[in-house]
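Subject: Structure handover

Hello,

Here is the structure you were expecting. Please open it first; my notes follow below.

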Amino acid sequence: MMTQALRLKKNADRRLKAGHLWLYSNEIDTDATPLKDFEPGAQALVEAAGGKPLGIAYVNPHSLICARVVSRDPSVRLDRSLLVHRFNQALALRERLYAKPFYRLVHGEGDLLPGLVVDRFDDVVVVQLNTLGMERLGEEVVAALDKVLAPRVIVFKNDSSGRRQERLEASVEVVKGSLDGPVLMEENGVRFAVPVLDGQKTGWFYDHRPNRAWLNALVPGKRVLDVFSYVGGWGVQAAAHGASEVLCVDASVPALERVSENAALNGLHERVAVGEGDAFEALSALRAEGERFDVVILDPPAFIKKRKDIASGERAYSRLNREAMRLLGRDGLLLSASCSMHLAPERLVEVVRGAVRHQDRHGQVIFQGHQAGDHPVHPAIPETAYLKALGVRVFRD
């Protein structure tokens, strides 16, 4: 069957030629190829204004990003064969990076599979189909994973916020095998039980692995506060690497129950405490109680989800960092992170600088961290470089 053509406007192919994989609706020559004529999720042959073939993309005429390129070869289609090839490419990188099978196997555009995320927990894999084009290939994704990994369990965790923009329903489904509880995994030598069915995203955040490893070396003998702790990725690892005392704070009671379970799993229950509540309120309460910590970890959710949120989001990051610094002793360490794609790294540095001066203290940035290697950055797509982590010494004269 002939693949329908998607014609670009004049000069609208520049980003594509530079390596980008996204096409916006205002880049399409809708006189030549009306978007309304495309079946949502269907694949199309992308053409330059002069008719030159540029590659294959899948299309969603109802989305601002109306097409995502899956191959530069006009003769290729996104099918089971291409998925197997891309999964094998992705697996080769992860096996080069990690000794154990705990990692993000597929990171969307970073692995040339826009709209697809796959996290691996040994013989359990959790899949996010974040776009309509990928949603239509669900069965092929399962078959390709079976061929490459033969996992015992495959979970479709299709509840991401991005699916709403694609007009997709939220759902969580075990599509292969059975699973009735958390899965076990290991990071930086510490074991965790991960709630893949009812936890955040795929149940775990592998992206901070190297940043946690850096901090782990600096916590022996320290009193640590882990804010937005989720299931204890930072806090439990800190305790496992010698922190004398750790307090994990989160607004979710189920998440804090997992913190306690993960602490017990590693024999650390006596050194890890939990506190439930809003982060800002908890920081204020701890200050009122006269608490002080040697290390404070801030790993909040994205305060800036869209460009229009930048100003309000930066104010929230500033307030959060100011309140955290109030809890540090005379010579403390702040780990300040942001997963907001729209917050530039230099802006996070500026947020920290402002918070330090607000406290009339001095700051030294001693670490600048990024996402782990299993979250590869596509060099033509700055949106794939989203994670920032600053290690900051905060001290007084």
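Asp111 and Arg94 form a salt bridge, with their closest N and O atoms 2.7 Å apart. (A salt bridge here is a side-chain nitrogen of Lys or Arg within 4 Å of a carboxyl oxygen of Asp or Glu.) Asp111 sits in the loop between S6 and S7 and Arg94 in helix H2 (residues 80-97), so the pair ties together parts 17 residues apart in sequence. Both Asp111 and Arg94 are buried. (Buried means under 20% relative accessible area, exposed over 50%, and partly exposed in between, with a 1.4 Å probe and protein chains only.) Helices (H or I, at least four residues) and strands (E, at least two) are DSSP runs, numbered from the N terminus.

Two notes on the basis. This is a predicted model: local features need pLDDT of at least 70, side-chain atom pairs count only at pLDDT 80 or more, and totals for chains, interfaces and linings use all residues. Residues are numbered from 1 along each chain as its sequence is written, and side-chain values use heavy atoms, with hydrogens and water left out.

More on the salt bridges. The whole structure has 25 of them. Arg68 and Glu109 make one, at 3.4 Å from N to O. Arg68 is in strand S5 (residues 65-71), while Glu109 is in the loop between strand S6 (102-107) and strand S7 (116-121); the two are 41 residues apart. Both are buried. Glu166 joins Arg68 and Glu109 in a network of salt bridges.

Arg393 and Asp331 form another, with the closest N and O atoms 2.8 Å apart. Arg393 lies in strand S19 (residues 388-395) and Asp331 in strand S17 (residues 328-338), so this pair ties together parts 62 residues apart in sequence. Arg393 is partly exposed, at 29% relative accessible area. Asp331 is also partly exposed, at 46%.

Next, Leu16. This residue is in helix H1 (residues 14-17). Leu16 counts as buried, at 3% relative accessibility. Setting aside neighbours within four places in sequence, Leu16 is in contact (heavy atoms within 4.5 Å) with Leu8, Leu23, Val46, Leu54, Val69 and Arg72. Its C-alpha is 9.8 Å from that of Ala48, which is 32 residues away along the chain.

What about the cysteines? The search finds 0 disulfides (pairs of cysteine sulfur atoms within 2.5 Å) in the whole structure. Cys339 is in no disulfide, and the nearest cysteine sulfur, that of Cys248, is 18 Å away. Cys339 is partly exposed, at 26%. Cys66 is buried, at 1%.

Then helix H10 (residues 310-325). H10 has 16 residues and reaches 22 Å from first C-alpha to last, close to the 22 Å expected at 1.5 Å a residue. (The expected span is 1.5 Å times one less than the number of residues.) Its buried residues include Gly313, Tyr317, Leu320 and Met325. The buried residues of H10 pack against helix H9 (279-288), strand S16 (293-298), S17, helix H11 (345-358) and S19.

Finally, the whole chain. The secondary structure comes to 11 helices and 19 strands. The radius of gyration is 23 Å, close to the 21 Å that the globule rule gives for 397 residues, so the chain is as compact as a globular protein of that length. (The radius is taken over C-alpha atoms; the rule is 2.2 Å times the number of residues to the power 0.38.) Of the 397 residues, 54% count as buried.

Best wishes
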